[in-house]
Amino acid sequence: MGWKAAEKLIRHWKILRGDNVMIIRGKDKGESGLIKRVIRSQNRVIVEGKNLVKKHIKQGEGHTGGIFSIEAPLHVSNVQVLDPVTGKPCKIGYKYLEDGTKVRFARGMNASGAVIPRPEILKERRKPRPTSPGPKDTRIEHVLEKTYDAKAGIGMPDL
């Protein structure tokens, strides 16, 4: 269960947090679930309620010890996204629609070619954006101040 970086990282991830996937290899082969977390540094994903392992936790200050079941990460090659029309595992491709939007679609042997929508959970931010300016933020007066004008010669270097 130790942390280990992957030898060759996946550059372009097609599986996203919140996708409905089926496990195609391992002890939970054939079962489906939602992706809870994507660990890009290890090329792994955690599927809700699948690949459960027993974890022995020692009793400490503020918490009790015991044996707990936790979800272990699966390698991304051991899961496939489910086709929204057929409900079978499929590969993912990208294409552009007529209006110019980039979408994911189901591709492969038994795939329907239907558009796979982005998960709703990705529309929420994990860390909310700060609403008030901090001490290191530039004030709006300095941002809007015009310091260079080529026609008037303002801000030109002396050569």
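1. Buried means under 20% relative accessible area, exposed means over 50%, and partly exposed lies in between (1.4 Å probe, protein chains only). The model is predicted: local features need pLDDT of at least 70, side-chain atom pairs count only at pLDDT 80 or more, and totals for chains, interfaces and linings use all residues. Residues are numbered from 1 along each chain as its sequence is written, and side-chain values use heavy atoms, with hydrogens and water left out.

2. The structure holds five salt bridges (a side-chain nitrogen of Lys or Arg within 4 Å of a carboxyl oxygen of Asp or Glu). One of them joins Arg104 to Asp19, with the closest N and O atoms 2.9 Å apart. Arg104 sits in strand 9 (residues 102-107) and Asp19 in the segment before strand 1, so this pair ties together parts that are 85 residues apart in sequence. Arg104 is buried, at 4% relative accessibility, and Asp19 is buried at 4%. Strands (E, at least two residues) and helices (H or I, at least four) are DSSP runs numbered from the N terminus.

3. A salt bridge also links Lys36 and Glu71 (2.9 Å, N to O). Lys36 belongs to strand 2 (residues 32-39) and Glu71 to strand 5 (residues 66-71), so parts 35 residues apart in sequence are tied together. Lys36 is partly exposed, with a relative accessible area of 43%.

4. The largest nonpolar core has 15 residues, of which Ile15, Val21, Val45, Val47, Val79, Val81 and Ile116 touch the most other members. Strand 1 (20-23), strand 3 (44-47), strand 7 (79-82) and strand 8 (89-96) each give two or more residues to this core. Such a core is a set of buried Ala, Val, Leu, Ile, Met, Phe, Trp, Tyr and Cys residues joined through side-chain atoms within 4.5 Å. Leaving aside neighbours within four places in sequence, Val81 has contacts that include Ile15, Asp19, Val21 and Ile116; contact means heavy atoms within 4.5 Å.

5. Ile57, in strand 4 (residues 52-57), is partly exposed at 34% relative accessible area. Not counting residues up to four places away in sequence, Ile57 touches His63, Gly65, Gly66 and Phe68.

6. Leu144 lies in helix 1 (residues 140-144) and is exposed, with a relative accessible area of 68%.
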